[in-house]
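Welcome! Have a look at the model below, and then we will go through some questions about the words used to describe it.

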Amino acid sequence: MISQADLLLTERALALGFDLAGVCDPSPPKSLPILESWIAEGMHGSMEYMQTSLPLRSDLNTILPGVQSVIAVGMNYYQEPSGQTDAKIARYALGRDYHKVIRSRLKKLADQLQAEHPTAQFRPCVDSAPVMEREYAQRAGLGWFGKNTCLINSHRGSWFLIGVLLTTLEIERSSPADGGCGTCRACIDACPTGAIVHRNNIWQVDATQCISYLTIEHKGDHTPEQAAQLGEWTFGCDVCQEVCPFNQPRPTQPLRAQTTTIPDLLAQKSWPKLSQLAQIEEAEWDTLTQGSPVRRAGIQGLQRNAQANLANQTAPQASRTDSPENA
Ligand code: B12
Ligand code: SF4
Ligand code: SF4
């Protein structure tokens, strides 16, 4: 087993722009049964890939045969929205596509480690492969599961994205992260749609009710109820993180909600106003969304969301459908 210090893991990760790094073993995710029941209850909506990739998620050997360690990294993406547009875009999506930003840096880390361990194999994953990233990151010490299901680091909060580097090197393990929300339920009460539900003794996000899903992953038209649920969000939603006490900086916790130091993750352009987005044309959309996470919604999805936002500006506020599960 190679020590993390011998690999200069923390130093290298920090030098590459990551804020958090740790290592865990590659054994199957313990939250697999939770994922299975989440899918069985239809909470994945139309994200079919969550279902079809289920068998792969149970064994990292299907991604890297002989995998011995999972290096997990976290990258802070926090920034204040510019306020130049009335379109509300989640903070993670304001800059360049994080998949590219994180994967290229994980690749550099892999190259550095490979130079010293030529027979070792590496595989960077950022959403690209069926890996339960939050659980491996928790086991590698990056953070613990909040009731909003986001991974929370007690010192940095939850405004960080996760990447993992699978390797056949056997590396010293980090201690798993420990922590909890206690009696707080700010995210549950603030979620505009009541998407954070308590099922099977655990807090879960019902994606079919989540604005992030409805604005990004949902294809085709919205029902009138779904259109109303979007409220003012055009792409993604940050509400359950904005209200989280672990994201509020304090004199004793200065690392929380600090603007990211990664220029690529900062807003690259000034986004057009809703009235323009609602009828954006192909050529303009193509230029606007090059290299941006917003491209995932597709031109029709973006127009649809902006049209719903405009309608919601004049309509009465949609009400949440609360149930005993999130009471
Ligand atoms: C599908 C998906 C979504 C879906 C479903 C979200 C969800 N909560 O399941 C939608 C489209 C709604 C979504 C939204 C967002 N997402 Co998303 N998403 C994913 C993706 C691809 C898979 C997540 C998944 O497997 N969900 C299924 C559930 C069952 O698993 P889970 O999320 O890991 O949650 C489980 C744990 O919390 C576990 N658990 C809870 N307590 C405990 C305790 C113990 C002891 C154990 C073992 C387990 C456990 O049980 C939960 C099951 O309910 C991951 C990337 C990846 N490959 O993992 C990104 C990911 C989770 N998303 C991310 C982000 C940033 C977001 C958004 C903030 C984007 C935005 N601003 O709009 C929102 C946040 C919404 C929210 N509150 O979760 C980040 C999260 C980073 C972080 N610090 O947590 C990830 C990791 C992407 C990345 N590479 O950084 N997302
Ligand atoms: S991202 Fe928004 S809609 Fe989804 S769970 Fe969080 S607050 Fe609710
Ligand atoms: S808002 Fe409160 S309940 Fe929700 S994740 Fe943060 S600490 Fe936990």
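Q: How do you know that domain 1 and domain 2 are in contact?
A: Two residues are in contact if their C-beta atoms, placed from the backbone, lie within 7 Å. By that rule, 39 residues of domain 1 are in contact with 48 residues of domain 2. On the side of domain 1 that touches domain 2, helix 2, strand 2, strand 3 (88–89) and helix 5 each supply at least two residues. Helix 2 has the largest share, 3 residues. Helices (H or I, at least four residues) and strands (E, at least two) are DSSP runs, numbered from the N terminus.

Q: What kind of model is this, and how is it numbered?
A: It is a predicted model, in which local features need pLDDT of at least 70 and side-chain atom pairs count only at pLDDT 80 or more, while totals for chains, interfaces and linings use all residues. Residues are numbered from 1 along each chain as its sequence is written, and chains are lettered from A and ligands numbered from 1 in the order in which they are written.

Q: Where do the two domains run along the chain?
A: Domain 1 covers 9–143 + 154–167, and domain 2 covers 186–326; such bounds come from an automatic or database domain assignment. Their centres, taken over C-alpha atoms, are 21 Å apart.

Q: How do you know where ligand 1 lies relative to domain 1 and domain 2?
A: Both domains give residues to the shell around ligand 1, so the ligand lies between them. A residue is near a molecule if its C-beta atom, placed from the backbone, lies within 6 Å of it. The shell has 37 residues, and the closest are Ala90, Phe145, Val205, Ser212 and Gly236. Helix 8 gives the most to this shell, with 4 residues.

Q: What makes a residue of the shell around ligand 3 nonpolar, polar or charged?
A: Ala, Val, Leu, Ile, Met, Phe, Trp, Tyr, Cys and Pro count as nonpolar, Asp, Glu, Lys and Arg as charged, and the others, Gly among them, as polar. The shell around ligand 3, which includes Cys181, Cys184, Cys187 and Cys244, divides into 8 nonpolar, 2 polar and 2 charged residues.

Q: What about alanine 257 and threonine 149?
A: Alanine 257 has 21 C-beta neighbours inside 10 Å, so it counts as buried. Threonine 149 has 18, so it is partly exposed. Alanine 257 has a positive phi of about 50° although it is not a glycine, and threonine 149 has a positive phi near 70°. Most residues other than glycine have a negative phi.

Key:
A residue is buried if 20 or more other C-beta atoms lie within 10 Å of its own, exposed if 12 or fewer, and partly exposed in between; C-beta atoms are placed from the backbone.
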